[in-house]
Amino acid sequence: MRKFLKYTFLVVGLVGAAGAAIVYWQGFRDNINPGIKSGFALHIPRGSNFQYVLSELESKQVLQSISSFEQVAKIRKYDRLVKPGRYEIKRGMTNWKLVEKLRAGDQDEMKMRIGSHRTIDEVAGEVARQVDLDSASLSSKMRDKEFLKAYGVEPKTVRNLLIPNTYFVYWTLTEKDLFAKLKTNFDAFWNADRKAKAEAQGLSIHEVMTLASIVQAETYMADERPTVAGLYLNRLHNNIPLQADPTLIYAANDFTIKRVLNEHKLIDSPYNTYMYAGLPPGPINNPELTAIEGVLNPEKHNYIFMCAKADFSGHHNFSKTLSQHMQYAREYQAALNKQKVFK
């Protein structure tokens, strides 16, 4: 009997040791698929459960053995502790290390790009495609006066914060996190040097951003932007209406317009710079750095007029006199007629 018990304990001990060895082997061996060469970003949306995580890992073929990961995850109780986020999974990671990363919610920062856009909805859409935010909700926040108050802007000036840049964020950032990041970037961007340059032009930060948005819309040619900025500053300083066609397109809220007509000049809107002198109430887009720098470092000249070149190169002819401008305008209008562009 004693021998029997002795052997029984021995067998149980060996089985237990074998089981522990298997668990150890499953937990501490590299379980990442060798085909994952540059790493894989696992996105776990808010409200996801453990089954979602398993499904993502399996469908994307991230792991060599999904069952061994599941076993370690359950031992570590991760199946009840799923946290949303974006997690970078790299070759060489063990089940144990991966589970610990996910269990702790130790997500990785990512690059989020904000480009220049004509509308708030376009900006919201770009952001929502990159992070776990709803574009409709974000658009609503960008129009919410009470929400924006904490960040020093209002609906007509919110574009001031949307400086095109690459931002390092967490995928699960909230709308408040996003605007805090934008405000921090804005404050860093508007350093003493840029503020001094704005003051030298007789402009506030908001006025710089508003004029830069017009410069941005007038020309996609970065090398022309200081020239265009200088032209509009000449008009402002001489109390000449800006008469910027992009502001009419914005006032019409029709970005399909390819040819500005006299009827567009009759739109009664504070953004109609043919009808109302000075700058419009706010930016008509969120301008790129080259447009902002163009306003802060404008070219010094005596140009008052500009007209797109008839070759459709994207460049412009600049004029000091109305007669010269009208000659360029007739050439451009003839080119539009030839291309059958009538509106």
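## Close-up views of a predicted protein model

**View 1. Surface and overall dimensions of the protein.** The protein's accessible surface comes to about 18200 Å². Carbon and sulfur atoms own 53% of that surface. Accessible areas come from the Shrake-Rupley method with a 1.4 Å probe, and for residues only the protein chains shown count as cover. This is a predicted model: local features need pLDDT of at least 70, side-chain atom pairs count only at pLDDT 80 or more, and totals for chains, interfaces and linings use all residues. Residues are numbered from 1 along each chain as its sequence is written, and side-chain values use heavy atoms, with hydrogens and water left out. Along the principal axes, the C-alpha atoms fill a box of roughly 120 × 45 × 35 Å. The radius of gyration of the protein is 30 Å, while a compact globule of 343 residues would have one near 20 Å. That radius is taken over C-alpha atoms, and the globule rule is 2.2 Å times the number of residues to the power 0.38.

**View 2. Helices and strands of the protein.** The protein has 14 helices and six strands. Both are DSSP runs, numbered from the N terminus: helices are H or I with at least four residues, strands are E with at least two. Of the 343 residues, 43% are buried. Buried means under 20% relative accessible area, exposed over 50%, and partly exposed in between (1.4 Å probe, protein chains only).

**View 3. Strands E1 and E2, side by side.** Strand E1 spans residues 40-44, and strand E2 spans residues 85-89. The two run antiparallel, joined by five bridges. Strands pair if DSSP finds at least two bridges between them. Ile44 stands opposite Gly85 in E2. Four of the five residues of E2 are buried.

**View 4. Asp134, in a loop.** Asp134 sits between helix H5 (120-130) and helix H6 (135-141). Its relative accessibility is 45%, so Asp134 counts as partly exposed. A polar atom of its side chain lies 3.2 Å from the backbone nitrogen of Ala136. Ser48 is 86 residues from Asp134 in sequence, and 16 Å away in space, C-alpha to C-alpha.

**View 5. Gln201, in another loop.** Gln201 lies between helix H9 (192-200) and helix H10 (205-218). Gln201 counts as buried because its relative accessibility is 10%. Leaving aside neighbours within four places in sequence, Gln201 is in contact (heavy atoms within 4.5 Å) with Leu233, His237, Val295, Leu296, Pro298 and Lys300.

Key. Polar contact = N/O pair within 3.5 Å; in protein donor to acceptor, adjacent residues only side chain to side chain.
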